[in-house]
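Keep the sequence and the 3D view open while you read.

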Amino acid sequence: MVVFSLVGGAIADRLERRRILLATETASLFVNGVIAFLMIASPVGEATVAAVTLCTFASSGVMSIDGPARSASMPSIVGMENLASAMGLSMVITQVTMPISLSMVGVLNGLFDPGQVYAGSLLVWAGILPMIAALRYHSIGGGGRDVGMVASIREGIRYARASAAISGILLVLVVVQFAGMPVATPLGPVFMIEVLDFTTAQVGFMGMTWGLGSLAASFLLARFRWLTLRGDTLAAMTLAFGVGVVGFGLSRYVPVTAVFDFLFGFGFTATSLVSATIVQHTVADNVRGRVMGLFPFTLGFANLCTAPIGLAGQQFGLALLVPALGVTTLILCASVFATRPQLLSIRARAVAAATSGEP
């Protein structure tokens with residue numbers, strides 16, 4: 001995600017985005033087909049693990065190109081006036097299908113060899129590829145064609161930095177993801193087992209409450225889409241997230257922990273959704289792919305930070321680290337809003353994005 005997201009954003013601003021999606025999904029089918037073959041045949045013995053790891057890296061790289069093109073296509077597909085609701089519903093779909101698919105895979109792995117289950121999952125592309133091929137929208141940024149790839153990426157970063165709204169929103173998002181990703185997974189379950197002494201069932205219950213909070217945020221923002229276009233909504237959601245993490249880290253009573261875990265999931269999802277929606281309504285179309293490519297880039301960076309944060313948790317204890325991450329989030333986000341007060345007054349409009357290329 002870190003390596004390819006910025007490249008994917010530049011590609012999304014150079015080419016027809018629908019064709020990019022068709023190419024990336026085709027490549028994804030091929031790479032995952034190779035993974036299925038390796039799992040079933042194990043042609044190189046123990047080195048198969050390394051081969052699968054390499055293919056997984058390639059698969060993630062392909063999807064990091066797919067993501068910016070998909071995000072940049074949404075205004076052309078649904079219209080800017082429906083973008084906020086569409087993004088909320090897209091998040092809902094992900095949150096509903098993920099637990100269903102995990103449950104299905106759990107059942108199927110008990111009936112078939114895991115390699116066979118993985119190969120069977122390739123059948124979904126029989127629906128994906130024809131649906132993308134059938135789309136008839138037109139979306140091409142038209143930016144960065146006359147310069148090299150690196151220069152094009154730099155142009156997109158300069159554009160984001162020049163906009164106080166976009167750069168401020170990205171700063172807030174980085175802070176929230178930096179704290180949220182490690183606590184959500186994998187440190188959260190470890191914290192519940194080692195610090196809270198939860199049973200397996202209680203850990204599963206807490207995972208459900210986080211998911212319910214995330215789902216509630218998506219439904220709320222899809223229903224009241226005007227909330228996703230306001231900077232003060234972003235501030236409120238980061239506050240909810242920080243309080244949720246602090247409460248989750250300090251509580252030692254299961255019902256109270258469940259409430260804060262719900263708030264944690266609610267704030268995390270709402271912050272991501274409001275951030276992306278405001279930026280989509282703010283950014284010019286000729287740099288849309290490159291700016292939206294910064295979102296998976298920050299997420300990849302947050303995932304990389306899981307390792308040093310986990311090391312800190314091992315050194316100082318999760319009982320101290322988890323609430324400290326929440327407090328740090330509140331302080332840093334408050335600093336961003338204090339130094340950029342114009343973020344609170346953002347009122348994005350559900351109208352066509354600017355095309356001049358100016359922030």
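## A patch on the surface

V96, I100, M104, V107, L108, L111 and F112 make up a nonpolar surface patch, and together they have about 650 Å² of accessible area. Please keep in mind that this is a predicted model.

Where does F112 sit? F112 belongs to the loop between α4 (83-111) and α5 (114-121). F112 counts as partly exposed because its relative accessibility is 44%.

## Salt bridges

Now for the charged side chains. The count of salt bridges comes to 9. Three of them are set out here.

| Salt bridge | Distance, N to O |
|---|---|
| R17 and D285 | 3.4 Å |
| R70 and E25 | 3.0 Å |
| R290 and E155 | 3.4 Å |

Let us take them one by one. The side chains of R17 and D285 meet in a salt bridge. R17 lies in helix α2 (residues 17-41) and D285 in the loop between α11 and α12 (288-292), so this pair ties together parts that are 268 residues apart in sequence. D285, at 21% relative accessibility, counts as partly exposed. The cut-off matters here: buried means under 20% relative accessible area, and D285 is at 21%.

R70 and E25 also join their side chains in a salt bridge. R70 lies in helix α3 (residues 48-78) and E25 in helix α2, so the pair ties together parts that are 45 residues apart in sequence. R70 counts as partly exposed, with 39% relative accessibility, whereas E25 is buried at a relative accessible area of 5%.

R290 is buried, with a relative accessible area of 3%, while E155 counts as partly exposed at 32% relative accessibility.

Which residues are linked in a network of salt bridges? The network is made of D13, R17, E155, D285, R288 and R290.

## Aromatic rings

Next, look for the rings. A search of the whole structure finds 8 aromatic pairs. One of them is formed by F191 and F248, a tilted pair with 5.3 Å from centre to centre and 40° between the planes. F191 lies in helix α8 (residues 164-194) and F248 in helix α10 (residues 231-250), so the pair ties together parts that are 57 residues apart in sequence. Both F191 and F248 are buried.

F191 and F248 also belong to one aromatic cluster, together with W210, F241, F264 and F268.

## A buried leucine

Helix α11 (residues 254-282) contains L273. L273 is buried, with a relative accessible area of 3%. How many Å separate the C-alpha atoms of L273 and A216? They are separated by 12 Å, and the two residues are 57 residues apart along the chain.

## Cysteines

How many disulfides does a search of the whole structure find? The search finds 0 disulfides. C333 counts as buried at 3% relative accessibility, and C55 counts as buried at 14%.

## Two backbone angles in loops

Finally, turn to the backbone. S42 has a phi near 45°, a positive value in a residue other than glycine. S42 lies in the loop between α2 and α3, and at 36% relative accessibility S42 counts as partly exposed.

D197 is not a glycine, yet its phi is positive, at about 60°. D197 lies in the loop between α8 and α9 (200-223). Is D197 buried or exposed? D197 counts as exposed because its relative accessibility is 62%, and exposed means over 50%.

Notes:
Residues numbered from 1 in each chain as written. Predicted model: local features only at pLDDT ≥ 70, side-chain atom pairs only at ≥ 80, totals over all residues. Heavy atoms only, no water. Disulfide = S-S within 2.5 Å. Buried < 20%, exposed > 50% of the residue type's maximum accessible area, 1.4 Å probe, protein only. Patch = residues over 30% accessible without salt bridge, like charges linked within 9 Å, V, L, I, M, F, W, Y side chains within 5 Å. Areas by Shrake-Rupley, 256 points an atom, 1.4 Å probe, with all protein chains shown as cover. Salt bridge = Lys/Arg side-chain N within 4 Å of Asp/Glu carboxyl O. Helix = DSSP H or I, 4+ residues; strand = E, 2+ residues; numbered from the N terminus. Phe/Tyr/Trp six-rings, centres within 6.5 Å; stacked < 30°, edge-to-face > 60°.
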